[in-house]
Amino acid sequence: MNQSQQSRQSVLDQIQLACEHVQRDPASVQLLAVSKTHPSQSLRKMYQAGQRSFGENYLQEALTKIDELQDLEIEWHFIGHVQRNKTKHLAEKFDWVHGVDRLIIAERLSIQRLESRKPLNICIQVNIDGQDSKDGCQPDEVAELVQHISQLPNIRLRGLMVIPAPENSAAFADAKTLFEQVRSQHARPQDWDTLSMGMSGDLDAAIAAGSTMVRVGTALFGARDYHH
Ligand SMILES: *Cc1c(COP(=O)(O)O)cnc(C)c1O
């Protein structure tokens, strides 16, 4: 096995073990490869190792990679903060957007999504543990957002995304509770199937609490050596 195959297999093994500990089906947890700061060539290798969904945080960087990798059948996820003036690119180029925390953003994405494409999958980002500097709506705003966003035409509202503070894995349980509570507000509850939480350092705790999608960067690609 090459390096990409090895690190991917070891993350998949970790997911499987975490699922076994809490009697969950490993197929109920999807692995999203977080590839920010890594060059297209690294994504290509990870694709060749079997990975299909990739998450990016920075729009310009992502657009370059999407262009360079258009020969591959990648499912692109945007997991960064969504700025209002960037929604057009997101609606046109991505399959998923995880960081939606205001109705206006979802409305713009719905309008800007081409009718010829599948609806854009989105998650509502929630500031689940009351961090000052974090993006995301407040937990008590989620029900109303679900009610409105789930009715937009070119959007499939899939669930919630959270990034709790490190060491605060109790927040994962709060996210799971909220996720179940607000399902009843959804216009199409069968679409409500995604709880995006858990990263390299805390994916076991996230899976134990009910994560259905872990976003893993470092454990797959190694340490990131520069920041934006
Ligand atoms: C960078 C990032 C990740 C991946 O973090 P690792 O610790 O490298 O696994 C996951 N989610 C979001 C939103 C990120 O920005």
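Contact is taken here to mean heavy atoms within 4.5 Å, and in this predicted model the buried residues of helix α7 pack against α6 (142-149), β6 (155-161), β7 (194-196) and α8 (203-209). Helix α7 itself comprises twelve residues, 170-181, and spans 17 Å from its first C-alpha to its last, close to the 16 Å expected at 1.5 Å a residue. The buried residues in α7 are A171, F172, A175, L178 and F179; viewed down the helix axis, the buried residues fall within an arc of 125°, so they line one face of α7. An α-helix has 3.6 residues a turn, so residues three or four places apart point the same way. On the face of α7 turned away from the buried side lie the exposed residues A170 and Q181.

A search of the whole structure finds three aromatic pairs, among them a tilted pair formed by F54 and W76, with 6.3 Å centre to centre and 40° between the planes. Because F54 belongs to strand β2 (residues 53-56) and W76 to strand β3 (residues 75-78), this pair ties together parts that are 22 residues apart in sequence. F54 counts as buried at 0% relative accessibility, and W76 is likewise buried, with a relative accessible area of 5%. The ring centres of F78 and F94 are 5.5 Å apart and their planes stand at 80°, so this pair is edge-to-face. With F78 in strand β3 and F94 in the loop between α4 (87-93) and β4 (96-100), the pair ties together parts 16 residues apart in sequence, and both F78 and F94 are buried.

An aromatic ring also takes part in an arrangement with a charged group, in that the charged end of R52 sits over the ring of Y47, 3.7 Å from its centre.

Definitions and conventions: Residues numbered from 1 in each chain as written. Predicted model: local features only at pLDDT ≥ 70, side-chain atom pairs only at ≥ 80, totals over all residues. Heavy atoms only, no water. Phe/Tyr/Trp six-rings, centres within 6.5 Å; stacked < 30°, edge-to-face > 60°. Helix = DSSP H or I, 4+ residues; strand = E, 2+ residues; numbered from the N terminus. Buried < 20%, exposed > 50% of the residue type's maximum accessible area, 1.4 Å probe, protein only. Lys NZ or Arg CZ within 6 Å of the ring centre and 35° of its normal. Expected span 1.5 Å × (residues − 1). Arc of directions from axis to C-beta.
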